[in-house]
Amino acid sequence: MRAVAARKPVEHVTTREAISRDQQDALIAQALGILSARALTPGQFMKDPPTAGQFFRLRLGEEGREHFEVAFLDNRHRLIAVERLFSGSVDGAEVHPRVVVQRALALNAVAVMLAHNHPSGNPEPSAADRVLTSRLREALCLVDIRVLDHFVVTATDVVSMATRGLM
């Protein structure tokens, strides 16, 4: 009861300026908790690229450094796990396909969704992003794991490379 009474109803929060950064972070954490709970419900979540993209935007969009995450999925595209495998600087992160393949095999994943952020605020996939996606697809294909999408996110935008035909 105490936790419920302490929370402000969502309708009172209308702009970013209306609440502090700590309150924003708490709301984001709550939203991530809700999305994660839904992700574990059979038949939901990772079949829908817009929802998956927004999930990654919430996780990565506000980060000041580049991070690379992978959602590992079962044969029905249900979430097994989401892991931050690599972190870098403000303009790049070194990603090793070998590590992605190892984690996918260890988790018995059948498919993956990839995501990374662009702290610069520009969500457009770079040439390096396209090359990386191709290398990861080739490496994972060797062990029969499909790459369903690669999202590039910022604080306000999401680009699905699959939707753009870049995969």
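**Exercise 1. Find what share of the contacts between residues at least 6 apart in sequence joins residues at least 24 apart, and list the order of elements in this predicted model.**

Solution. Among contacts between residues at least 6 apart in sequence, 63% join residues at least 24 apart. The protein has five helices and five strands. Read from the N terminus, they follow the order α-α-α-β-β-α-β-α-β-β. Of the 167 residues, 37% count as buried.

**Exercise 2. Locate Glu 69 and Arg 59, and decide whether each is buried or partly exposed.**

Solution. Start with the pair: Glu 69 and Arg 59 form a salt bridge, with the closest N and O atoms 2.7 Å apart. Then compare with the cut-off: buried means under 20% relative accessible area. Glu 69 has 1%, so Glu 69 is buried. Arg 59 has 25% and is therefore partly exposed.

**Exercise 3. Describe the salt bridge of Arg 84 and Glu 63, and name the network that salt bridges with shared partners form.**

Solution. The side chains of Arg 84 and Glu 63 meet at 3.5 Å, N to O. Arg 84 is in strand β2 (residues 79–87), whereas Glu 63 is in the loop between α3 and β1, 21 residues apart. Arg 84 is partly exposed at 35% relative accessibility, and Glu 63 is partly exposed at 29%. Finally, salt bridges that share partners join Arg 59, Glu 63, Glu 69 and Arg 84 into one network.

Definitions and conventions: Residues numbered from 1 in each chain as written. Predicted model: local features only at pLDDT ≥ 70, side-chain atom pairs only at ≥ 80, totals over all residues. Heavy atoms only, no water. Helix = DSSP H or I, 4+ residues; strand = E, 2+ residues; numbered from the N terminus. Buried < 20%, exposed > 50% of the residue type's maximum accessible area, 1.4 Å probe, protein only. Contact = heavy atoms within 4.5 Å. Salt bridge = Lys/Arg side-chain N within 4 Å of Asp/Glu carboxyl O.
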